[in-house]
Amino acid sequence: MRWWDMEAVLELEDELFPEDAWSPGMFWSELAHARGPYATRRYVVADEGGRIVGYAGLAAVGGVADVQTIGVAVDHWGGGLGARLLTELLRHATAFESSEVLLEVRVDNTRAQRLYTRFGFEPIGFRKGYYQPGNVDALVMRRDMKETPGETPPAAEPGAAPQTGPGRGAGQGTGGTDTDGSAG
């Protein structure tokens, strides 16, 4: 994700997460941590014919990576784009030398939970009232990267290709993650 992607990403963010969309400032803050030799973030966008149809972000510090967000345009749900974006994030987690990857997902979002389970994530706990203002609980999931060294996540179906670059994510305590029904 680059600065010129921001307007389209924000529009998609508002469409996908109307109650708890990230602010422009949250995105810009994450972009600031995605470049340079001490970068701790990696963000990707999926572009189809000049239209951003998906985005995803990862934060990594001290051997632990955290999926910050995955968003896929509604008209691309079910086509494998969420899986492709997640594959890209896991590739970057490996590059960051992360031994584990964590994420939060809404407890009522079984669709995204199935995607994460397919990729080897396992439930490890809950965060009560994590998603605000709706006061929806989050399921915390974890993937041990050491248990499956060199293992490639399941291949995704053909679709829009993610383009890597620096980008978005706000981390815990600054707005949460947006891994909800848009992962598809």
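1. Arg111 sits in helix α4. This is a predicted model, so read every value here as computed from that model. Arg111 has a relative accessible area of 25%, and therefore counts as partly exposed. Which residue is 33 residues from Arg111 in sequence and 9.7 Å away in space? The residue is Gly78, and the distance runs from C-alpha to C-alpha.

2. Helix α4 covers residues 110-118, and helix α3 covers residues 81-95. Look at how the two helices meet. Their axes come within 11 Å and cross at roughly 45°. That angle makes α3 oblique to α4. The crossing is right-handed.

3. Now step back to the whole chain. How many helices and strands does the chain have? There are four helices and seven strands. Their order along the sequence is α-α-β-β-β-α-β-α-β-β-β. The chain has 184 residues, and 53% of them count as buried.

4. Next come the salt bridges. A search of the whole structure finds eight. One of them joins the side chains of Arg51 and Asp75, with N and O 2.9 Å apart. Why does this pair tie together separate parts of the chain? Arg51 belongs to strand β2 (residues 51-61), while Asp75 is in the loop between β3 (64-72) and α3, so the bridge links parts 24 residues apart in sequence.

5. Arg51 has 38% relative accessibility, so it counts as partly exposed. Asp75 reaches 52%. The cut-off for exposed is over 50%, so Asp75 counts as exposed.

6. A second bridge pairs Glu104 with Arg127. The closest N and O atoms are 3.3 Å apart. Glu104 lies in strand β4 (residues 100-106) and Arg127 in strand β5 (residues 122-131), so this pair ties together parts 23 residues apart in sequence.

7. Is Glu104 buried or exposed? Its relative accessibility is 0%, so Glu104 counts as buried.

8. Arg106 has a relative accessible area of 18%. Buried means under 20%, so Arg106 is buried. There is also a network to find.

9. Finish with the nonpolar patch on the surface. Trp3, Trp4 and Trp28 form this patch. Together they have about 430 Å² of accessible area. Trp28 lies in helix α2, which spans residues 24-32. With 41% relative accessibility, Trp28 counts as partly exposed.

10. Start from Arg111 in helix α4 and find Gly78, 9.7 Å away by C-alpha atoms. Then view the right-handed crossing of α3 and α4. Trace the bridge from Arg51 to Asp75, then the one from Glu104 to Arg127. End at the patch of Trp3, Trp4 and Trp28.

Methods
Residues are numbered from 1 along each chain as its sequence is written. This is a predicted model: local features need pLDDT of at least 70, side-chain atom pairs count only at pLDDT 80 or more; totals for chains, interfaces and linings use all residues. Side-chain values use heavy atoms; hydrogens and water are left out. Patches are made of residues with over 30% relative accessible area and no salt bridge: like charges are joined within 9 Å, nonpolar side chains (Val, Leu, Ile, Met, Phe, Trp, Tyr) within 5 Å. Accessible areas come from the Shrake-Rupley method with a 1.4 Å probe; for residues, only the protein chains shown count as cover. A salt bridge is a side-chain nitrogen of Lys or Arg within 4 Å of a carboxyl oxygen of Asp or Glu. Buried means under 20% relative accessible area, exposed over 50%, partly exposed in between (1.4 Å probe, protein chains only). Axes are lines fitted to C-alpha atoms, for helices over the stretch in contact, and angles run from 0 to 180 degrees between N-to-C directions. Angles under 35 degrees count as roughly parallel, over 145 as roughly antiparallel, 65 to 115 as roughly perpendicular and the rest as oblique. A crossing is left-handed if the near helix is turned anticlockwise from the far one by less than a right angle, and right-handed if clockwise.
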